Structure formats: structure tokens, C-alpha cells
Amino acid sequence: MSLTVIWQLTRECDLGCEHCIMVPRKATHELTTYEAYRTIDQIATAKPERFVISGGDPLARRDIFELVQYARRRGVNPAVVVSPTRKLTAENVSKLRTNGVTKLIFSMNGTSPQRHDAISGAPGSFAATVRAIRWARDAGISVEINTLVTCGSVSELAAIAETIDSFHIVAWNVYFLVPVPASRRNDGISPAEAETAFAALSAIASLSKYRIRVVEAPQFRRYLVKKNDWADFAGYVDNAEIVDEVVFVTADGDVQPSEFLPLSAGNLREQPLKTILRSSDLLNALRDRSNLNGKCKRCEYRNSCGGSRARAWAATGDLFASDPLCAYEPPAALAAAAG
């Protein structure tokens, strides 16, 4: 099992994106620089395969440059998520590179300024993002793209893939919307639309030169396995779910199973990360697929999929309920319903 650690360095951000999960959007009890150094120490000790520094806007922290430099000295190579704010300048991109950053992550939620800005809720963000991607490429920094799948973007996945292909990216991180309370809009897609999106992503993966990560839609793995395509795509299609363990560290040190599942497994101010990963009742319960309820419990793909626990919790309040995004009806579930 590989480990991904996503660290929300700050909640500070000048944007007000409509699907943002940040509550509040200003700093409150955030880790100090000294505590941030200790957090990096703990993350390095856990030896994650992937380490992401996110926000808010990480460039809103004055200590971002020294923190990424320290992370590199500790042997972890953070990818940094950047936002198209006034702090995203060519100078700051260059300073990130000087201090050891080799990978930046940008959001792209549409194929035109109008579509992207409407979904992102931030006018001018498309142009600012494309400009910053060029700066990153000129600085020798690899680029990843985040895309949020909503009812407004689900039909555009193939077109978005074609657009971002020109950026020579190394990975495309495709997030399926979870209706968290902080979001001002619920633009989630239907189970049928999710299956259409899986078909599009499968076709894109067969031709792409970059890695595709699917977030909060582990059913994509079921889709590929059922099509007998998983063996072909397993090397470069990831499911950023509990199968490959992901933890999200909030700006004030809470460790969550997901950035979309605001339940704390412990706090780094009180316990080391390795202890939380090993001993947390919440994380251990999520790892045990026998705790699943509904059709997820009866599904033959429960060990490779298991459904999005964040979406189940957001939709029902039950952490182990069936994921409402899933269109698949397991034979065992159908037999139980018929009986």
C-alpha cells in the first residue's frame, strides 16, 4: 500500500471559488513555521510515495519557500498546488524552483476562459493559469493538472484532455465532486454520467502520455476491471482512494482520511503522524471493508473499490453507506433485494 500525504499549508486565499471546501477561508490557529518544520519531519518519517502541499493558496504563506527547501533537505519532494492569485508571479514561480520545487499543480476546469472561469468561480483564472504554466515550463518545473468533474464539465473531459495535452503535463488529477457543506453549489453528476465519464477517461488513458489519477470515484477501478482493462492501465492510472492510502493534513494539524471528509483521525500537535496512521480507530475502521453497508458490502469489487466514503458521509451521514455515485448493481445485492 502506497501512501499519499496532502498537506493544506494554509486556508488563506484571495479567490472565492464556488466549490471550495475551505471553511473558514482565512487563517485560524494554523501551524507556525516551527510546527510546519516538525510536520515536514513527521511526513518524511512516514516515507510517502507522493507528497502534495496545497491550500488555500500556499503562496499566501511567507515561509513557503523555506518550507519547500526544508522538505527537499528531508528527502521528500513536494508537489505544490498553486492558485491563480496576484501572488502567482513569474518571480515566485522562479523562487519555488530555486528552493527545490520540481512539480506544480494547476487547475483546469474547462477548455475556454468562459467555461473554466464559470466553473472555477474566479474571473480571469483561465488566462492566469495558462500564463503560469508557461512560466513553470520555462523554469524547468513539471506540471500536473487538477480538473473537477461537475455537471458543467463532465461532457468536456475529452476536450479538456486535448487542451492540457499541449502543456506536456506529467499527470492529470480528475476529481469527482463531493457535495461538502462548505461548497456554495452542488453540481454533482448522476451515476449514469459517472459511467460516461469513466468511458471517456478509459479512452483517454489508452492514448495519453501522462498519468491519470481519479479522486473520489474509486468505481473507475471497478469499471476498468470489469472491462478487463485494469491490467493494461494499472501502471499509469491511479485511484487516489483508501486502496492506496491517502491522508489529508489540515492547516491546523488535523489528520483526515480525505480533504472531502472532515473527520479527524488525530492531530499532529498531539500525536506523531506514524502513530495516527497505525493506531487511529477511524483509519483502521475505513481500512476494514467488512464495515461497509448496503450494496457496497455485497459488491464483489469492495476490496478494489469500496466506494467514496466522503461522498457516502456527505450524502447520508453514514460513513459506511453505499456511494450514491455508483451505478453498478452487484449480483449479490440484487439477489438480496429479490429475496
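Biologist: Are F220 and Y223 buried or exposed?

Modeller: In this predicted model, F220 and Y223 are both buried.

Biologist: How many residues apart are F220 and Y223 in helix α8?

Modeller: They are three residues apart in α8, which separates them by about one helical turn. An α-helix has 3.6 residues a turn, so residues three or four places apart point the same way.

Biologist: What aromatic pairs are there in the model, and how many?

Modeller: The count comes to nine aromatic pairs. One of them is formed by F198 and Y223, and it is tilted, at 5.9 Å centre to centre with 55° between the planes. This pair links distant parts of the chain, since F198 belongs to helix α7 and Y223 to helix α8, 25 residues apart. F198 and Y223 are both buried.

Biologist: Why is the pair of F220 and Y223 stacked?

Modeller: The ring planes of F220 and Y223 lie at 20°, with the centres 6.4 Å apart, so the pair counts as stacked. The cut-off for stacking is under 30 degrees.

Biologist: Which residues form one aromatic cluster?

Modeller: The cluster consists of F176, F198, F220 and Y223.

Biologist: How do the axes of α7 and α8 cross?

Modeller: The two axes come within 10 Å and cross at roughly 65°. The crossing of α7 and α8 is right-handed. On the α7 side the contact is made by E195, F198, A199, L201 and S202, and on the α8 side by Q219, F220, R222, Y223 and L224. By type, the residues of this contact are six nonpolar, two polar and two charged.

Biologist: What is the extent of α7 itself?

Modeller: Helix α7 covers residues 191-205, 15 residues in all. From its first C-alpha to its last it reaches 21 Å, close to the 21 Å expected at 1.5 Å a residue.

Biologist: Which residues of α7 are buried?

Modeller: The buried residues of α7 are A194, E195, A197, F198, L201, S202, I204 and A205.

Biologist: And why is α8 described as largely enclosed?

Modeller: Six of the eight residues of α8 are buried, so the rest of the structure largely encloses this helix. The buried residues are Q219, F220, R221, R222, Y223 and L224.

Biologist: What follows α8?

Modeller: N228 follows α8, and its phi is positive, near 65°.

Biologist: Changing topic, where does N92 lie?

Modeller: N92 lies in helix α3, which spans residues 90-98. Its relative accessibility is 16%, so N92 counts as buried, the cut-off being under 20%.

Biologist: Which residues is N92 in contact with, leaving aside its neighbours within four places in sequence?

Modeller: With those neighbours set aside, N92 is in contact with L59, F65 and K87.

Biologist: Where is N303, then?

Modeller: N303 is in the loop between α12 (294-298) and α13 (309-316). With a relative accessible area of 56%, N303 is exposed. Its C-alpha is separated by 9.2 Å from that of D288, 15 residues apart along the chain.

Biologist: Finally, what does the secondary structure of the chain come to?

Modeller: The chain has 14 helices and ten strands. Of its 339 residues, 55% count as buried. Among contacts between residues at least 6 apart in sequence, 71% join residues at least 24 apart.

Definitions and conventions:
Residues numbered from 1 in each chain as written. Predicted model: local features only at pLDDT ≥ 70, side-chain atom pairs only at ≥ 80, totals over all residues. Heavy atoms only, no water. Helix = DSSP H or I, 4+ residues; strand = E, 2+ residues; numbered from the N terminus. Expected span 1.5 Å × (residues − 1). Buried < 20%, exposed > 50% of the residue type's maximum accessible area, 1.4 Å probe, protein only. Axes fitted to C-alpha atoms, helices over the stretch in contact; angles between N-to-C directions. Left-handed = near helix turned anticlockwise from the far one by under 90°. Contact = heavy atoms within 4.5 Å. Nonpolar A, V, L, I, M, F, W, Y, C, P; charged D, E, K, R; others polar. Phe/Tyr/Trp six-rings, centres within 6.5 Å; stacked < 30°, edge-to-face > 60°.
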